Amino acid sequence: MTLTRYRRPFLVIAAAIAVLSLVAVGTVMAMAFNHVVAPAWITSTALYGLPVAFLLMLALVLDAVVARRRMRGPSER
């Protein structure tokens, strides 16, 4: 199954947001361990990044399901 034009960029963006958010979570935890308050932008990245990446990946999965159903055709349903 080949990716359409818009799926691959969304996949890369979602993966990059997820990795960046996980790094931010690790940074917040390391800073808290050293009794330092993390800057607001790092905390916000950690807090909002994973849900955004999850929603993007959920949209990609739903789009793949719709595309697969469309490819099957009405005679196979």
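Five residues of helix 1, namely Arg7, Ala14, Ala18, Ser21 and Ala24, are buried. The model in which these positions are described is a predicted one. The cover over the buried residues of helix 1 includes helix 2. An α-helix has 3.6 residues a turn, so residues three or four places apart point the same way. In the chain as a whole there are two helices and zero strands. Of its 77 residues, 18% are buried. The accessible surface of the chain comes to about 6,100 Å², and carbon and sulfur atoms account for 73% of this area.

Helix 1 covers residues 7-33. After helix 1 comes His35, whose phi is positive. The value is near 60 degrees, in a residue other than glycine. His35 belongs to the loop between helix 1 and helix 2. With a relative accessible area of 75%, His35 is exposed, since the cut-off for that class is over 50%.

Helix 2 takes in residues 40-72. Contacts in the chain between residues at least 6 apart in sequence were examined for their separation, and 65% of them join residues at least 24 apart. Several individual residues illustrate how particular positions meet.

Ser21, in helix 1, has a relative accessible area of 0% and is therefore buried. When neighbours within four places in sequence are left aside, Ser21 is in contact with Thr45, Ala46, Gly49 and Leu50. For Thr45 there is also a polar approach: a polar atom of the Ser21 side chain lies 3.3 Å from the backbone oxygen of Thr45.

Phe10 also has its place in helix 1. Its relative accessible area is 39%, so Phe10 counts as partly exposed. Apart from residues up to four places away in sequence, Phe10 touches Leu56 and Leu60. Phe10 and Leu60 are 50 residues apart in sequence, while their C-alpha atoms are 7.7 Å apart in space.

A search of the whole structure for salt bridges finds one. This salt bridge joins the side chains of Asp63 and Arg7, with a distance of 2.7 Å from N to O. Arg7 lies in helix 1 and Asp63 in helix 2, so the pair ties together parts that are 56 residues apart in sequence. Both Asp63 and Arg7 are buried; each therefore has a relative accessible area under 20%.

On the surface, a nonpolar patch is formed by Phe54, Leu55, Leu58 and Leu62. Together these four residues have about 420 Å² of accessible area. Phe54 lies in helix 2.

Terms used:
Residues numbered from 1 in each chain as written. Predicted model: local features only at pLDDT ≥ 70, side-chain atom pairs only at ≥ 80, totals over all residues. Heavy atoms only, no water. Helix = DSSP H or I, 4+ residues; strand = E, 2+ residues; numbered from the N terminus. Buried < 20%, exposed > 50% of the residue type's maximum accessible area, 1.4 Å probe, protein only. Contact = heavy atoms within 4.5 Å. Areas by Shrake-Rupley, 256 points an atom, 1.4 Å probe, with all protein chains shown as cover. Patch = residues over 30% accessible without salt bridge, like charges linked within 9 Å, V, L, I, M, F, W, Y side chains within 5 Å. Polar contact = N/O pair within 3.5 Å; in protein donor to acceptor, adjacent residues only side chain to side chain.
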